[in-house]
Amino acid sequence: MRFTHYRLGHVAAGTVAEVTLRGSAANVRLMDQSNFNNYKAGRQHRCYGGLAESSPVRLRVPRSGTWHVTVDMQGLRGTVRSGIRVIPAEALKPLPTINQGSLRDLPSLVRNVTHEDAPGIDAVDERAFDVFICHTSEDKDEVVRPLAMALRDAGLSVWYDEFELRIGDSLRRKIDKGLANSRFGAVVLSRAFFGRGWPEYELDGLVTQALAGEQVLLPVWHDVTKRQVMDYSSSLADRVARSTATHTVEEIAAEIVDLIRNPPDS
């Protein structure tokens, strides 16, 4: 799912996030940190706001803390552009309700306020991925690329470097975003993987997400023994894994697809 994300940071209770829309109606949500994490992961979450058919949309922060605003088209058709500004409580006028009026009834919506107009707010288009694939380049041809393509062909949204990285991209920034926005993390462990800088950086991120309960880690062993995995990480060796020695890449992909679409707690 594509969505536009505005990080409000730490704001005081009573502050209002004013979102302007151009185009179609959209879902506008105000969420605290915990619920935003659930939203990114595709889990059940609570939010303030909902379907916005008028502009601007004003959402009041109910308590002091770290807050986020998202704009998405889930369940809707069309396109929308958005902007935001933060209004301190003392500067507010009476607020309209979220469903007042209709976009199609307005000959001209209010000026689109972009994040450049609102210092301190970071607005980026973000995608939620079903699975992030962590690997080393030596395993691309034999395992990783076929696995990534099989998952994508099955309809999953896959963060894989050959799908996502473009010339000029910040490698660390793109990886961090992929890690943060993925529900599952598949790590292809091999002898070539151990001790490699970027793969281990990605793995550290996956393990952190898994320990926080924000992601499920899916180990895939390639040309490696359990003893070698244990020597590298006993906690990884303790996780149920699939090995290319006993399963084909297609079988592993099919099992990952089934797990993502039908998680055990669903």
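Reader: What makes Leu147, Leu151 and Leu218 contacts of Ile256?

Author: In this predicted model, Ile256 touches Leu147, Leu151 and Leu218, with residues up to four places away in sequence not counted. Contact means heavy atoms within 4.5 Å, so each of these residues has a heavy atom within that distance of one in Ile256.

Reader: Which residues touch the most other members of the largest nonpolar core?

Author: Ile256 is one of them, along with Val131, Leu147, Leu151 and Val158; the core has 22 residues. At least two residues each come from E9, H2, strand E11 (182-189), strand E12 (216-221) and helix H8 (249-261). H8 supplies six residues, the largest share. A second, separate core of 19 residues includes Cys134, Ile175, Ala210 and Leu217.

Reader: Why is Asp139 called buried?

Author: The relative accessibility of Asp139 is 6%. Buried means under 20%, therefore Asp139 counts as buried. In the protein, 46% of the 266 residues count as buried.

Reader: Where is Asp139 placed?

Author: Asp139 lies in the loop between strand E9 (129-134) and helix H2 (140-153). Leaving out residues up to four places away in sequence, Asp139 touches Val144, Val188, Ser190 and His222.

Reader: How do you know that the side chains of Asp139 and Ser190 make a polar contact?

Author: The contact between the side chains of Asp139 and Ser190 is 2.5 Å. A polar contact needs a pair of N or O atoms within 3.5 Å, one able to donate a hydrogen and the other to accept it.

How values were computed. Residues numbered from 1 in each chain as written. Predicted model: local features only at pLDDT ≥ 70, side-chain atom pairs only at ≥ 80, totals over all residues. Heavy atoms only, no water. Helix = DSSP H or I, 4+ residues; strand = E, 2+ residues; numbered from the N terminus. Buried < 20%, exposed > 50% of the residue type's maximum accessible area, 1.4 Å probe, protein only. Core = buried A, V, L, I, M, F, W, Y, C linked by side-chain atoms within 4.5 Å.
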